[in-house]
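The following note concerns charged pairs and surface patches. Please read the points alongside the sequence and the model.

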Amino acid sequence: MLGEIITVQLAVVPDHGEDSFAVSSMPGNVMLCVTDGCGGLGSRRYDRLDHRTGAYLASRLAARAMLGWSEDCPAVPAEPQDGFYQLLDLQLEVEAVFDSFAKAHCQEETPSRIVGSMQRTLPTTLCTLLADERNRACSFIWAGDSRGYTLDADGLHQYTQDDVRGNPDALEGLFLDRPLSNFICAGQTPKLHMRRFPMPEKGMLLLMTDGVYNVISSPMELEMLLLDSLMHSADEERWRRKLEKTLSGIMQDDLTLICCPRGFADYQSMQAYYRPRYEQLKREFITPVRRRQNAQEAVRKYWQSYRTAYDRTEGAAYDQQDWRI
């Protein structure tokens with residue numbers, strides 16, 4: 001049973017945020033999507049489009065493309081070959097949407113001679129979740145560094161691998177400003193990845209743009225933010241507001257977070273389910289690191305233990321229900 005979807009979206013400059021999202025829900029199925037327009041690559045403004053940046057337009061265009069594609073209620077593929085053809089179909093759909101929009105609205109604009117060689121037309125990242133109750137399966141589809149996670153009794157798990165140069169791990173990436181190696185834009189065929197896995201019996205399905213996780217000091221603290229706010233809220237709406245307040249106090253970039261709980265009868269049963277993990281996380285990771293004033297050597301030491309359960313980017317060997325393409 002998929003629960004109430006929680007969404008937090010904040011912009012550094014109101015009404016000018018370069019993140020977007022899409023939610024499509026039907027009985028037994030859900031499609032969730034977050035997109036993050038690439039502000040540097042897409043900083044060109046289009047006078048005919050209300051002087052909006054390419055990044056602003058691209059994130060909304062990608063979210064709209066996902067809504068259109070998901071109208072046919074695509075099932076989560078059972079085998080990698082099925083996943084390959086599903087990705088091919090989606091790539092063609094996204095390419096057609098972006099190229100058609102660019103041809104209609106972006107052709108007359110002349111890029112600056114200074115930044116023109118670095119610019120892209122309508123660049124954005126994307127991360128989408130398909131959750132299929134009938135087949136008890138989920139898949140994340142992505143391009144760029146917007147991420148998909150689950151959070152269960154064993155902790156936070158990252159399922160998508162960032163498209164950034166050098167392929168740093170989730171902790172190293174917080175200290176290294178690595179450029180994207182892949183994203184969606186007009187004028188080129190998108191390269192999408194898929195990570196398929198069995199739907200958890202209980203837990204949270206999470207999507208977020210880099211404005212969320214990049215402002216947190218470690219993946220351990222990101223899990224703590226999610227669970228601590230959950231434990232200290234009385235219901236879903238107060239939890240959402242607490243997340244929003246906490247993130248607004250530390251944000252450095254536009255951010256979007258979507259959470260879809262699964263398998264809980266009510267909010268109190270979700271709190272009860274996560275309480276043992278919350279106490280374990282504090283005891284084994286958060287308190288020891290904070291006692292050392294978040295010194296980098298302490299963070300890295302505890303990260304090596306934490307990441308064993310955290311990293312699920314590759315899939316399980318020889319398991320037909322758990323794979324990546």
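1. A salt bridge is taken here as a side-chain nitrogen of Lys or Arg within 4 Å of a carboxyl oxygen of Asp or Glu. Under that definition, E133, R136, E201 and R262 are linked in a network of salt bridges. The count by this rule comes to 17 salt bridges.

2. On the basis of the note: this is a predicted model, in which local features need pLDDT of at least 70 and side-chain atom pairs count only at pLDDT 80 or more, while totals for chains, interfaces and linings use all residues. Residues are numbered from 1 along each chain as its sequence is written, and side-chain values use heavy atoms, with hydrogens and water left out.

3. D162 and R147 form a salt bridge whose closest N and O atoms are 2.7 Å apart. D162 lies in the loop between β9 (155–158) and α3 (172–175) and R147 in strand β8 (residues 147–152), so this pair ties together parts that are 15 residues apart in sequence. Helices (H or I, at least four residues) and strands (E, at least two) are DSSP runs, numbered from the N terminus.

4. The classes are buried under 20% relative accessible area, exposed over 50% and partly exposed in between (1.4 Å probe, protein chains only).

5. In the salt bridge of R324 with E314, the closest N and O atoms are 3.1 Å apart. This pair links distant parts of the chain, with R324 in strand β13 (residues 323–324) and E314 in the loop between α8 (296–310) and β13, ten residues apart. R324 is partly exposed, at 26% relative accessibility.

6. R238 pairs with D235 in a salt bridge, with 3.8 Å between the closest N and O atoms. Both residues are partly exposed: R238 has a relative accessibility of 46%, and D235 has a relative accessible area of 26%.

7. A nonpolar surface patch of about 480 Å² is made by F84, Y85, L88, L92 and I325. Patches consist of residues with over 30% relative accessible area and no salt bridge; like charges are joined within 9 Å and nonpolar side chains (Val, Leu, Ile, Met, Phe, Trp, Tyr) within 5 Å. Accessible areas come from the Shrake-Rupley method with a 1.4 Å probe, and for residues only the protein chains shown count as cover. L88 lies in helix α2 (residues 80–105) and is partly exposed, at 36%.
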